[in-house]
Amino acid sequence: MPAPPQALCGVVVSAGRMMKAVKVRTVKQVYDSFLKKHYTAYQSHLVSDPNSSLRTGDVVRIAARPPASKHIRHVVTNIIAPWGPPAEERPRIPTLEDLDAKYKAKREARIARRTQRTEGAETQGNGARGTEKGPSLKERHTDVVGGPKVVGGESRVVLERDLKD
């Protein structure tokens, strides 16, 4: 059984500026060994909000998930304390099981399209996609002025004065 995802609590500091994403600030205590003191350190996370149900000021719980994009590596699991309209009046936040099911369905559809594409290429007799070769560069430009022309086993550039002879 896999380990449960890391859960963090934080405050939404930026919402509504990005599609399906919010910025959440989390707090942790850090010890400075030189000063022999604890101090508060803040860390901001870009968090996936699939239904755009969060508002600035909400206190939320987030969990680490596989990356949704280059910078989004967390997802909202629930609203602890809403700011503004109550959580019941907002769009529902999907559970981790809902997100896993959606990801698996999307992946299965992608694999089905891939197998259909490769089977279609094999029945046509062309082999896998990208294996058929077209004419070489020399074959495409032999009759073009300024293109390469094979003469006596070596290639050279065809000039207009060579065409007159």
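## Starting with exposure

A residue counts as exposed when its relative accessible area is over 50%, as buried when that value is under 20%, and as partly exposed in between. Lys-36 has a relative accessibility of 59%, so it falls in the exposed class. Keep those cut-offs in mind, because several residues below get sorted by them. Also keep in mind that what you're looking at is a predicted model.

Lys-36 sits in the loop between S2 and S3. Its backbone is worth a look too: phi is positive, at about 60°, although Lys-36 is not a glycine.

## The chain as a whole

Walk along the sequence and the pattern reads β-β-β-β-β-α-α-β-β-α.

The protein chain has 165 residues, and 19% of them count as buried. Its exposed surface comes to about 12800 Å², with carbon and sulfur atoms supplying 54% of that. As for contacts, take the ones between residues at least 6 apart in sequence: 43% of these join residues at least 24 apart.

## How the strands pair

Strand S1 covers residues 7–18 and strand S4 covers residues 59–64. The two run antiparallel, joined by five bridges. To find this pairing on screen, look for Gly-10, which stands opposite Val-60 in S4, or for Leu-8, whose bridge partner in S4 is Ile-62.

S1 also pairs with strand S2 (residues 21–32), again in the antiparallel sense and over five bridges. Here Val-12 stands opposite Val-24 in S2. The hairpin of S1 and S2 has two residues between the strands, and Lys-20 in that hairpin takes a positive phi near 60°.

On to S4 and S5: these pair in the antiparallel sense as well, over six bridges.

Which serine is found in strand S1? That one is Ser-14. Ser-14 counts as buried because its relative accessibility is 15%, and the cut-off for buried is under 20%. Leaving aside neighbours within four places in sequence, Ser-14 is in contact with Val-22, Lys-23 and Thr-56.

Next come Ser-52 and Ser-53. The loop between S3 and S4 holds Ser-52, and Ser-53 is placed in the loop between strand S3 (37–48) and S4. Buried or exposed: where does Ser-53 fall? Ser-53 has a relative accessible area of 1%, so it is buried. Not counting residues up to four places away in sequence, Ser-53 touches Asp-58, Ile-79, Arg-90, Pro-91 and Ile-93. Ser-52, on the other hand, comes out at 41% relative accessibility and therefore counts as partly exposed. Ser-52 has a positive phi near 50°, and it is a residue other than glycine.

Ser-69 belongs to the loop between S4 and S5. With a relative accessible area of 36%, Ser-69 is partly exposed. If you'd like a distance to check, the C-alpha atoms of Ser-69 and Leu-46 are separated by 10.0 Å, and these two residues are 23 residues apart along the chain.

## The largest pocket

How much space lies in the largest pocket? About 690 Å³. The pocket is lined by 20 residues, and the closest to its centre are Ser-48, Ala-68, Leu-99, Lys-102 and Tyr-103.

Strand S5 (72–81) and helix H1 (96–123) each supply at least two residues of the lining. H1 gives the most to the lining of the largest pocket, with six residues. Sort the lining by class and you get nine nonpolar, four polar and seven charged residues.

Definitions and conventions: Residues are numbered from 1 along each chain as its sequence is written. This is a predicted model: local features need pLDDT of at least 70, side-chain atom pairs count only at pLDDT 80 or more; totals for chains, interfaces and linings use all residues. Side-chain values use heavy atoms; hydrogens and water are left out. Two strands pair if DSSP finds at least two bridges between them. Helices (H or I, at least four residues) and strands (E, at least two) are DSSP runs, numbered from the N terminus. Buried means under 20% relative accessible area, exposed over 50%, partly exposed in between (1.4 Å probe, protein chains only). Contact means heavy atoms within 4.5 Å. Accessible areas come from the Shrake-Rupley method with a 1.4 Å probe; for residues, only the protein chains shown count as cover. On a 1 Å grid over the protein atoms alone, a cavity is a set of points where a 1.4 Å probe fits but cannot get out, and a pocket is an open set with protein on both sides within 12 Å along at least five of seven lines; lining residues have an atom within 4 Å of a point. Grid points are joined across faces, edges and corners, and a volume is the space filled by probe spheres set on the points. Ala, Val, Leu, Ile, Met, Phe, Trp, Tyr, Cys and Pro count as nonpolar, Asp, Glu, Lys and Arg as charged, and the others, Gly among them, as polar.
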